[in-house]
Amino acid sequence: MKTIVINNQKGGVGKTTVAVHLAWYLAEADRRVLVLDMDAQANATDTLKRYAGPASAADMFKPAAEIRPSGIDNLTLAPAVTSLTDVDRSEAGAILRLRENLMAADEHFDVCVIDTPPSLGLRSVAALVAASHVLSPIYLEDYSVKGVKGLLQTFIGAQQRYGRPDVSFLGLLPSIFNTRSPRQRAHLEQLLRDAGKYVFPGHIVARDGYAEAVAERAPVWTLKRRSAQEAGREIRAVLAKVAECLG
Ligand SMILES: Nc1ncnc2c1ncn2[C@@H]1O[C@H](COP(=O)(O)OP(=O)(O)OP(=O)(O)O)[C@@H](O)[C@H]1O
Ligand SMILES: [Mg+2]
């Protein structure tokens, strides 16, 4: 099983929107998908709740957690629960437990997508340690672009500390990109100059359809409005590249 972690400590950069669409995309492509919602805000859970399996995301930190498919459309959600915030106060052993539990569920799923909270607690570190791939949505504004160095350091730090040099960093994915904003375009150019090798080849344009899709609990490409259809084409092209990287 491949495990892709959608991570950025910064809030509101599009992590959950990317995570749920990636899950839908992979499930439509006949992959057996497990989604872990590690964020107690439970946004991904709200959108994907019809796929909820018996185990919650907090259960994933317990010894020998059993993770079984929901049996619905190739998708299984381990939902966020309020006790997730307690996980951040667990002993350090819990960090490796997530990885062990996912490895034990290998025969049931092809890909695990982990949506992380906008903080760097034990849950996010455990997700990075369990990852085979990491994708980091970023917002093209000044503070976000400046925060990129910290983001890369976090990822490399977790990799080194827990001996996971094999984790593949797919890159920084510019999201909620207002392509008409000269400032955002300038930030993207600067980012490509300063850290080009860490930037994913693609971006997600800011479009109205995404909020509607998440509220309707359906992928943006299934909505009727023309702007949603356009958003659907764009994000599918990006997700196809992500799927290709997962192999
Ligand atoms: N491409 C997009 N175009 C327009 N709006 C978007 C896009 N992606 C996300 N949004 C909106 O931006 C807000 C933040 O997105 P999202 O919840 O995906 O971010 P997040 O990084 O998961 O946030 P948090 O850190 O709070 O979990 C939401 O209201 C969402 O609908
Ligand atoms: Mg989120």
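The model is predicted. The protein has 10 helices and 6 strands. Its radius of gyration is 17 Å, close to the 18 Å that the globule rule gives for 247 residues, so the protein is as compact as a globular protein of that length.

**Overall build**

- The C-alpha trace spans about 50 × 40 × 30 Å along its principal axes.
- Of the 247 residues, 45% count as buried.
- Take the contacts between residues at least 6 apart in sequence: 77% of them join residues at least 24 apart.

**Around ligand 1**

- The shell around ligand 1 holds 19 residues, and Gly11, Lys15, Thr16, Thr17 and Pro118 come nearest.
- Two elements give two or more residues to this shell: H1 and helix H9 (209-216).
- By class, the shell has 8 nonpolar, 8 polar and 3 charged residues.

**Helix H1 against helix H10**

- Helix H1 covers residues 15-28, and helix H10 covers residues 226-246.
- The two helices pack at an angle of about 70°, with their axes 10 Å apart.
- Angles of 65 to 115 degrees count as roughly perpendicular, so H1 is roughly perpendicular to H10.
- H1 brings His21, Leu22, Tyr25 and Leu26 to the contact.
- H10 brings Ile235, Arg236, Leu239, Val242 and Ala243.
- The residues of this contact divide into 7 nonpolar, 1 polar and 1 charged.

- The buried ones are Arg123, Ser124, Val125, Ala126, Ala127, Leu128 and Ala130.
- Strands are part of the cover over these buried residues, including S1 (2-6), S4 (111-115) and S5 (133-139).
- Helices cover them too, among them H3 (84-87), H4 (93-104) and H7 (148-161).

- Most residues other than glycine have a negative phi.
- Ala64 has a positive phi, near 50°.
- Asn74 also has a positive phi, near 65°.
- Ala64 lies in the loop between helix H2 (43-48) and strand S3 (75-78).
- Asn74 lies in the loop between H2 and S3 as well.
- Is Ala64 buried or exposed? Ala64 has 8 other C-beta atoms within 10 Å. A residue with 12 or fewer counts as exposed, so Ala64 is exposed.
- Is Asn74 buried or exposed? Asn74 has 22 C-beta neighbours inside 10 Å. The cut-off for buried is 20 or more, so Asn74 counts as buried.

How values were computed. Residues numbered from 1 in each chain as written. Chains lettered and ligands numbered in written order. Predicted model: local features only at pLDDT ≥ 70, side-chain atom pairs only at ≥ 80, totals over all residues. Axes fitted to C-alpha atoms, helices over the stretch in contact; angles between N-to-C directions. Helix = DSSP H or I, 4+ residues; strand = E, 2+ residues; numbered from the N terminus. Parallel < 35°, antiparallel > 145°, perpendicular 65-115°, else oblique. Contact = placed C-beta atoms within 7 Å. Nonpolar A, V, L, I, M, F, W, Y, C, P; charged D, E, K, R; others polar. Rg over C-alpha atoms; globule rule 2.2 N^0.38 Å. Near = placed C-beta within 6 Å.
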